[in-house]
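Dear colleague,

I am handing over the structure below, and after it you will find an account of what turned up when I went through it. Please read the notes with the coordinates open beside you.

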Amino acid sequence: MSTINSLGEITIDDTELTLPEVPKGFVLKVRGSEFENIVTNEGIITRHNINDATVSILLELYKESNPTETVTKNIDVVVPGKSSLYPEIYKEVTNANKVPS
């Protein structure tokens, strides 16, 4: 598990996390997510986030021959915002208000 430090870049079109390969006889899976409305506890990427979001993912690694002994690790991923997929709802602002000083 010490060699797994990232899950790679996520694109706006991705629908689930891509987990790295592990040696034969081992299983790596998503065990949990900090924000289930963005990435489910099963690693499915939803279409609910408007802006880019950093989400902490809990990974679990175990031997197929002994699934009760596990190792876990949190890894942060950046999930791109999906507002551009819905231009009828999130219209482009051309004359934005000034930022208060």
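Arg 31 is partly exposed, with a relative accessible area of 46%, where partly exposed is the range between buried (under 20% relative accessible area) and exposed (over 50%), taken with a 1.4 Å probe on protein chains only. Please bear in mind that this is a predicted model, in which local features need pLDDT of at least 70 and side-chain atom pairs count only at pLDDT 80 or more, while totals for chains, interfaces and linings use all residues. Residues are numbered from 1 along each chain as its sequence is written, and side-chain values use heavy atoms, with hydrogens and water left out.

Arg 31 forms a salt bridge (a side-chain nitrogen of Lys or Arg within 4 Å of a carboxyl oxygen of Asp or Glu) with Glu 60, and the closest N and O atoms are 3.9 Å apart. This pair links distant parts of the chain, since Arg 31 is in strand 1 and Glu 60 in strand 2, 29 residues apart; strands here are DSSP runs (E, at least two residues), numbered from the N terminus. Glu 60 also forms a salt bridge with Lys 29, with 3.8 Å between the closest N and O atoms, and because Lys 29 lies in strand 1 and Glu 60 in strand 2, that pair ties together parts that are 31 residues apart in sequence. Glu 60 is buried at a relative accessible area of 9%, whereas Lys 29 is partly exposed at 36%. A search of the whole structure finds 2 salt bridges, and through shared partners Lys 29, Arg 31 and Glu 60 are joined into one network.

Strand 2 and strand 3 pair in the antiparallel sense over 11 bridges, pairing being assigned if DSSP finds at least two bridges between two strands. The two form a hairpin with 2 residues between them, and Ser 56 has Asp 76 in strand 3 as its bridge partner.

As for confidence, the mean pLDDT (the predictor's confidence in each residue, from 0 to 100) of the protein is 91, and 99% of its residues reach 70 or more.

Terms used
Helices (H or I, at least four residues) and strands (E, at least two) are DSSP runs, numbered from the N terminus.
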